[in-house]
Amino acid sequence: MTEARFELIVLGAGPAGLAAAKAAADSGREVLVLDDNPLPGGQIWRGGPDQAPNARARAAFSALQHPRIAYRPGARLFAAPGPGTLLVELPEGGCRLGYGQLILATGARERFLPFPGWTLPGVFGLGGLQALAKGGYPVAGKRIVLAGTGPLLLAVADTLKARGARVLLLAEQAPLGRVARFAAGLVRHPAKLAQAVALKSRLLGIPYRCSSHVLEASGRERLERLRLSWGGEEGFIDCDYLGCAFGLLPNTETGQLLGCTLAAGAVAVDDYQQTSRPGVYAAGEACGIGGVDKAQIEGRIAGLAAAGRPEEARRLFPARAHARDFADRLAEAFRLEPALLRLARPDTLICRCEDVPLQALQSCSSWREAKLLTRCGMGACQGRTCGPMAETLLGFEPRGSRPPLQPVSLETLVSALSPTDPR
């Protein structure tokens with residue numbers, strides 16, 4: 001296993017990570033940016049610099065050309081054996097990386113809530129379907145329903161429509177009153193208001209129904225039909241694909257692995273984005289869902305603070321407060337309706353990796369007991385999907401994190417036992 005050491009390592013090459021790396025590098029730090037995707041940009045700018053949607057995104061990607069920044073895509077962090085040390089699997093093999101300081105910009109993932117038929121082929125997460133479409137998955141001419149909550153519904157619809165899909169319906173679970181108040185509040189955020197107006201204009205003709213959600217997905221071998229609730233009434237719609245997710249969840253597994261304190265389901269940070277672990281910072285969605293503005297500002301604060309420039313970081317506090325105000329309004333407007341938590345039947349799968357239905361978990365008193373008795377959370381996703389479901393539906397305590405954080409090759413695991421390569 002090869003070894004290297006860096007002054008500062010940034011985990012994640014999305015908006016927060018790129019902003020943090022540039023701020024630190026501009027301040028004289030030598031920075032390594034690691035990302036497990038093949039291209040930078042995170043979910044929001046997926047596809048890398050060649051598909052950057054606007055000047056702001058292109059400016060963010062320019063950070064990777066900085067002479068003090070090294071960038072390694074396809075890097076999978078799987079363990080942190082001690083303070084200042086990470087074990088990472090790169091395309092060419094395992095690597096032991098030392099660091100003086102670390103910034104976590106690990107982003108977020110989609111929140112799923114179970115309903116009958118949610119595991120049928122043809123049912124995707126909203127962001128997953130968007131990522132597939134951006135990567136070339138054929139959606140032209142396909143009849144698609146998008147359901148869930150928040151602005152992501154509109155963004156995914158825009159992506160799919162631009163690629164020729166027939167978007168039949170946007171089913172927003174939040175009631176019209178809350179959505180309308182949120183839209184009116186965008187006057188406090190003019191740039192986001194302009195984005196929303198432009199986005200909505202491109203989606204003219206696509207029905208957008210509030211107080212709506214999927215009750216059941218059905219089909220013989222794959223998705224064919226949806227049963228939905230809209231405004232208290234039920235209806236059916238035939239479709240080829242469903243994209244469905246209920247907001248985002250911070251990716252906290254790396255923070256937990258390092259021993260960082262969590263608060264409200266996110267990595268807890270102080271005013272300078274430092275976690276409870278000395279020398280470890282966090283920025284962006286990992287420490288609270290809030291969008292690209294918040295992510296970039298927090299990334300810059302973390303990068304400046306890690307580089308020993310607290311005064312410059314402090315000047316960004318008002319901008320961060322403004323971005324967090326938007327995040328708070330977003331969370332309030334699109335909070336989940338209680339009816340969504342009652343959709344699953346006893347035989348509805350919660351853990352799709354290990355085929356564990358809801359009824360098998362209802363007699364368990366904790367996440368640990370559920371794992372021991374049913375293997376829930378012990379499949380390929382390591383509880384990233386079913387864990388939050390069990391927490392939301394059954395009140396189980398949040399899950400911990402232990403190595404290996406992600407699947408890695410046996411060769412890498414063997415080489416990790418020694419600082420020198422056993423070959």
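**Figure 1. Aspartate 355 in the loop between strand 20 and strand 21 of the predicted model.** The loop runs between strand 20 (349-351) and strand 21 (356-357). Aspartate 355 is not a glycine, yet its phi is positive, at about 55 degrees. Most residues other than glycine have a negative phi. With a relative accessibility of 54%, aspartate 355 counts as exposed.

**Figure 2. Glutamine 273, a buried residue with positive phi.** Glutamine 273 sits in the loop that joins strand 18 (266-267) to strand 19 (280-282). Its phi is near 70 degrees, a positive value in a residue other than glycine. The relative accessible area of glutamine 273 is 0%, so this residue is buried.

**Figure 3. The cis peptide bond between proline 403 and proline 404.** Omega for this bond is near -5 degrees. Most peptide bonds are trans. Proline 404 belongs to the loop between helix 13 (386-394) and helix 14 (410-415).

**Figure 4. Leucine 113 and its contacts.** Leucine 113 lies in the loop between strand 7 (108-110) and strand 8 (123-124). Its relative accessibility is 4%, under the 20% limit, and therefore leucine 113 counts as buried. Leaving aside neighbours within four places in sequence, leucine 113 is in contact with Phe246, Leu336, Leu340, Leu341, Met389 and Thr392. The C-alpha atom of leucine 113 is 8.8 Å from that of leucine 393, although the two are 280 residues apart along the chain.

**Figure 5. Leucine 228 in the largest nonpolar core.** This core holds 38 residues, of which Phe115, Leu226, Leu228 and Leu242 touch the most other members. Not counting residues up to four places away in sequence, leucine 228 touches Leu169, Ala171, His213, Val214, Leu215, Glu233, Glu234, Gly235 and Ile237. A second, separate core has 28 residues, including Ala25, Ile103, Ala283 and Val292. In soluble globular proteins, nonpolar side chains tend to be buried together.

**Figure 6. The second largest pocket and its lining.** The space in this pocket is about 350 Å³. Its lining comprises 15 residues, and Lys371, Gln382, Gly400, Ser401 and Arg402 lie nearest the centre. By class, the lining divides into five nonpolar, five polar and five charged residues.

Methods
Residues numbered from 1 in each chain as written. Predicted model: local features only at pLDDT ≥ 70, side-chain atom pairs only at ≥ 80, totals over all residues. Heavy atoms only, no water. 1 Å grid on protein atoms, 1.4 Å probe; cavity = no way out; pocket = protein on both sides within 12 Å on 5 of 7 lines; lining within 4 Å. Points joined across faces, edges and corners; volume = space filled by probe spheres on them. Nonpolar A, V, L, I, M, F, W, Y, C, P; charged D, E, K, R; others polar. Core = buried A, V, L, I, M, F, W, Y, C linked by side-chain atoms within 4.5 Å. Buried < 20%, exposed > 50% of the residue type's maximum accessible area, 1.4 Å probe, protein only. Contact = heavy atoms within 4.5 Å. Helix = DSSP H or I, 4+ residues; strand = E, 2+ residues; numbered from the N terminus.
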